[in-house]
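Colleague: Could you take one part of this assembly and go through it closely, with the cut-offs stated as you go? I would like to look at the place where the two chains meet.

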Number of protein chains: 2
Amino acid sequence: MQTRSETTQNQIKAAAINAFCQSGYDAASVADICEAARVSKGAFYHHFPSKQALFLTIMEDWLSGINQTLFSATNSGKPVPELIKEMGNTMGVIFRAASGQLPMFMEFMVQASRDAKVWSAVIAPYRTYHQQFSSLFDKGKQEGSILPDIDSTHVAHTLISLAVGILLQGVVDPVAADWKQVTNAGVAFILDGITRGES
Amino acid sequence: MQTRSETTQNQIKAAAINAFCQSGYDAASVADICEAARVSKGAFYHHFPSKQALFLTIMEDWLSGINQTLFSATNSGKPVPELIKEMGNTMGVIFRAASGQLPMFMEFMVQASRDAKVWSAVIAPYRTYHQQFSSLFDKGKQEGSILPDIDSTHVAHTLISLAVGILLQGVVDPVAADWKQVTNAGVAFILDGITRGES
């Protein structure tokens, strides 16, 4: 069960996500967010020292959620290509969970390109993803499921770039494709490339 | 040689790109841009009816430049996998040409998600890229250089997503990788996937 404090925090976060998506981070004021969340400014600042702190909390929630969803199965003992395919499937779950909140993703990037604090908060988990994927491909080479001459860091960057690109296009042009299907197809092409079609 | 009118337009565009990158589209005013470009407001409005019109012109310049760079070789008669590899190489040229202007790329996306006019201007060339890539893969299947059971629209979405994702990461974290090398590696994995390593 949520405590009263958690309920207030979640109300503030939900109102902030709405406000950031609709007006953008810069234009959305603490006053707007308080009004939409039906909380006082006093309550707001009790929970979050600043608009930026709130923004960073939302971002960390989102990234740690993706992290848990993606990497929960990595210790299951399944071969790496199978794990990667499953991760492709869970991208669909991530899309659904983030549905309507996706313009936030671009706000993260825009703010990160302008503010060192936000940049560090975006980059740290991003680099963690990259390391986790690289290790996974190293493991795949050891178990023999991935071709031995493949550069693990390159495959990791390729897969993450694919995911980031699909996410961005899914925000901007959601109806242009069945993005879940595109994700699965894209992952399959790359897996075929790094296993020579033996996955 | 540039006419005087073109020189003024280019000064305004260069100042606007700087202003949009540094302060963002919303915060950068026509007055700021005029001051940086050393032109009067009268001259500005002689060339561009509004800040948005200027923004759209910059975006169209950028996208048509990419288009020309990418698709200039498609009628050379080379096999499709080779053309795609060359396109991967020219991504490096695009990165360099856009160097320092890349935060604009995110501004395009953010504005597109909020404004129907910008959205149409982003989406039209994007959908054109997708069609051009799809046709290219159809041609590859006809000439036998691409596996016959490959879905051309899926490969097209995958390649564009990869490019968009790399571009975005190159903006946010330019030093995390040699993004040109990542592009070539990513394209190679996908090509191996759709040719079963025979490219």
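Modeller: What follows begins with the conventions, goes on to the chain itself and ends at the interface.

This is a predicted model, in which local features need pLDDT of at least 70 and side-chain atom pairs count only at pLDDT 80 or more, while totals for chains, interfaces and linings use all residues. Residues are numbered from 1 along each chain as its sequence is written, chains are lettered from A and ligands numbered from 1 in the order in which they are written, and side-chain values use heavy atoms, with hydrogens and water left out.

Chain A holds nine helices and zero strands, where helices (H or I, at least four residues) and strands (E, at least two) are DSSP runs numbered from the N terminus. The C-alpha trace of chain A spans about 60 × 35 × 35 Å along its principal axes.

Turning to the interface, 48 residues of chain A are in contact (heavy atoms within 4.5 Å) with 48 residues of chain B. The area buried between chain A and chain B, that is, the accessible area (1.4 Å probe) that two parts lose on being put together, summed over both, is about 3,600 Å², and carbon and sulfur atoms give 66% of that area. Between chain A and chain B the count is two salt bridges, a salt bridge being a side-chain nitrogen of Lys or Arg within 4 Å of a carboxyl oxygen of Asp or Glu. Arg127(A) forms a salt bridge with Asp173(B), and the closest N and O atoms of this pair are 2.9 Å apart.

The same surface serves both copies, since 100% of the contact residues of chain A recur in chain B.
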